[in-house]
Every structure is written in structure tokens, then in C-alpha cells.
Amino acid sequence: MTWIVVGASAGVGREIAGQLASLGRSLLLVARGREDLEAVALDLGLRFGGEVRTVEADATRPESFAGAVLAAVRPDERIEGLLLPLGTIDEEDSPELPRERAESLVNVNFLSPAALISSFLPLLRGQEGASIVGLGSIADARGRRRNLHYGAAKRALRFFFEGLLHAETGRGLCVQFWVLGYHDTGLAFGKKLPLPPESPAATARRIVRNLGKRSGVFYTPRYWRAVAAVLRALPLGLYRKLDL
Ligand SMILES: NC(=O)c1ccc[n+]([C@@H]2O[C@H](COP(=O)([O-])OP(=O)(O)OC[C@H]3O[C@@H](n4cnc5c(N)ncnc54)[C@H](OP(=O)(O)O)[C@@H]3O)[C@@H](O)[C@H]2O)c1
């Protein structure tokens, strides 16, 4: 049984891969950059001894991304789950962001994960107790001046997962969507954050501990659910006064 971790070369994804390897699971790790990906695979193979394969695939290209990952699965391979901790931001993500860069954000954060899930659904539905796990962001709580294409793509991804949750109810697939607050990874490096960042290892532990349990939408750290609810409830006039 194999876990596929997409975005496994850094941050939360690398930690998730490490946790799964330490539990003796076989892994298929996916990212765009070969060097980091192979370094992670080598390290996990040496430390835990299980099978760790890699596949390079670029999520800025949804038309080929899902096919590249699917092609790496062996014909008789049982897939225990598809984990999607990939994501990317753009430092200049504003209404003026050039179209190609806006497209990249939407492709990596929404269209490629959605295409991958669609491609894997027939396979996963046939495997009792399989999981699909997506990672969202607190950035989708409400429109901000910054990270607006990123936030829009993450909101689209959450919407997609909510639909998937409904569609898969009673069919045996476990569908989980984790909305992440700030984390101490390359993605948030150097940013001025209004709340302390969580460690990626702690979040990976939480995600791995809950694999295959209840389907649903979860927040980590948990207090972000309340923060998001407050942000959404603020009247627009008041919300616009915040420096967000
Ligand atoms: N860090 C935070 O504060 C924070 C907050 C809220 C939500 N999140 C979300 O949490 C998840 C994990 O974030 P993180 O902080 O762990 O990010 P990270 O450290 O930057 O790692 C992102 C991973 O995604 C992969 N990736 C990025 N662009 C890709 C592309 N075009 N094709 C294939 N793979 C690609 C990266 O691989 P390559 O380097 O090879 O491209 C890397 O393995 C993401 O969904 C992110 O949006 C993070």
C-alpha cells in the first residue's frame, strides 16, 4: 500500500512524508524540483528503510501534471491515499499581477490538485478505506490586498473539497481538508505575521494521526477556525479598516 505525497520536497509535505516513512509506509513523492525531492527520498530511505519513489511533475501545467503522477503508479499498486500539501505564493500577488503569474498561482493551488483528484478517483474508489487529503489556507477567509490570487485559488480548492465530501458520502472514501494558519516554512519565510507560526512537524503529526478517520474540514492550529469566523462576520466597512 502506497501513500502519494504531492509537494513532499519541503515544509509540511516533507514532514508528512517523514512521518509516514517512520510508520513503515511505502511512498511516492511528488514535487517540481528534482534535487530537493531526491534528497528527501534518499534521507527517508536510509533512515527508515521503506520504499520511497519519486516523480517530478510541475503543477503550473495542469494539462500534464495529473498524467505524470498517474503514470508513476504501477498497474497492480494499491494506493492508500493521495495527500496534497503542495502550494505556492507570489510576493507581488495583487490585482495588477501579470496574467501568466496569476495563472501559475491558480494552476498550482487549485487546477492541478483538482485535476489530480479527478484522475485518481476511479482508482481510489476501488480501494477500501482510501483517503484524499487537501491543504487549504486561512488566506481564503476573506479577500485581502495581498495574496489575492492565492487566496482565491485556495477558496476554490476548499469549495471543490466540500463538493467532493458530499459526492463521496457513503462510498467509503475518506475526504479531509485541512485549513492551515501560518506555518514556519519557506512559504512564509521572512513575512511579518500577525500571529505566531506553527511548526510544520506538529501539523504533519496531526494530519498523519487523523488519516483515514472522519471526513471533514479541519483547521490547524484549531484557533484559526474562530479567527476566520470573526473575519467573515465583520461588516465590510470595519473590515476595510484593517491592514490586511
Ligand atoms: N506556510 C504557511 O504559512 C501556510 C499557511 C497556510 C497554508 N499553507 C498551505 O500549506 C501547504 C504546505 O505549505 P508549505 O508551507 O509546506 O509550503 P512549502 O514549504 O513552500 O512547500 C511547498 C511544496 O509544494 C511544491 N510545489 C510548489 N510549486 C509546485 C509546482 N509548480 N509543481 C509541483 N510542486 C510544487 C514544492 O515543491 P518544489 O519546491 O519542487 O516546487 C514543495 O514541495 C500548501 O498547500 C500551502 O498553500 C501554508
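Predicted model: local features only at pLDDT ≥ 70, side-chain atom pairs only at ≥ 80, totals over all residues.
Let's start with proline 221, which sits in the loop between β7 and α7.

While we're on backbone geometry, here is another spot to look at. Asparagine 147 has a phi near 50 degrees, a positive value in a residue other than glycine. As background, most residues other than glycine have a negative phi, and most peptide bonds are trans. Where does asparagine 147 sit? You'll find it in the loop between β5 and α5.

That brings us to α5 itself. Helix α5 covers residues 148-168, 21 residues in total, and runs 30 Å from its first C-alpha to its last, close to the 30 Å expected at 1.5 Å a residue. Just after α5, glycine 170 has a positive phi of about 80 degrees. The buried residues of this helix include His149, Tyr150, Leu157, Arg158, Phe161 and Leu165. What do the buried residues of α5 pack against? The partners are the strands β4, β5, β6 and β7, together with the helices α4 and α7.

Arginine 158 lies in helix α5, and it counts as buried because its relative accessibility is 10%, where the cut-off for buried is under 20%. Setting aside neighbours within four places in sequence, arginine 158 is in contact with Asp140, Phe177, Val179, Val217, Tyr219 and Arg232. Serine 137 is 21 residues from arginine 158 in sequence, and the two C-alpha atoms are 9.0 Å apart.

For contrast, have a look at arginine 99. This one is in helix α4. Is arginine 99 buried or exposed? At 54% relative accessibility, arginine 99 counts as exposed, since exposed means over 50%. Arginine 99 and arginine 158 are 59 residues apart in sequence and 23 Å apart in space, C-alpha to C-alpha.

Back to α5, and to phenylalanine 161. Again leaving out neighbours within four places in sequence, phenylalanine 161 is in contact with Leu84, Ile117, Ile132, Val133, Gly134, Val175, Gln176 and Phe177. Phe161 also matters for our next topic, the nonpolar cores. The largest nonpolar core has 41 residues, and Ile4, Val6, Leu82, Leu116 and Phe161 touch the most other members. Each of β1, β2, α3, β4, α4, α5, β6 and α7 supplies at least two residues of this core. Which element gives the most to this core? That is α4, with eight residues. There is also a second, separate core of 26 residues, with Leu83, Trp178, Ile207 and Leu211 among its members.

Ile207 takes us to α6, residues 200-209, where Pro200, Thr203, Ala204, Arg206, Ile207 and Val208 are buried. The buried residues of α6 pack against α1, β4, β5, β6 and β7.

So, on to α1. Nine of its twelve residues are buried, so α1 is largely enclosed by the rest of the structure. Among those buried residues are Gly11, Val12, Gly13, Ile16 and Leu20. At 1.5 Å a residue, α1 should span 16 Å, and its end C-alpha atoms are 17 Å apart, which agrees. Just after α1 comes glycine 24, with a positive phi of about 85 degrees.

Finally, the ligand. Of the 30 residues around the ligand, Ser9, Gly33, Leu86, Tyr150 and Thr185 come nearest. In threonine 185, a side-chain N or O atom is 2.4 Å from an oxygen atom of the ligand. How much of the ligand does the protein bury? Taken alone, the ligand exposes 890 Å², and the protein buries 92% of that. The elements giving two or more residues to the shell around the ligand are α1, β5 and α5. The most comes from β5, with three residues.

That's my tour, and I'm happy to take questions!

Conventions: Residues numbered from 1 in each chain as written. Heavy atoms only, no water. Helix = DSSP H or I, 4+ residues; strand = E, 2+ residues; numbered from the N terminus. Expected span 1.5 Å × (residues − 1). Buried < 20%, exposed > 50% of the residue type's maximum accessible area, 1.4 Å probe, protein only. Contact = heavy atoms within 4.5 Å. Core = buried A, V, L, I, M, F, W, Y, C linked by side-chain atoms within 4.5 Å. Near = heavy atom within 4 Å. Polar contact = N/O pair within 3.5 Å; in protein donor to acceptor, adjacent residues only side chain to side chain. Areas by Shrake-Rupley, 256 points an atom, 1.4 Å probe, with all protein chains shown as cover.
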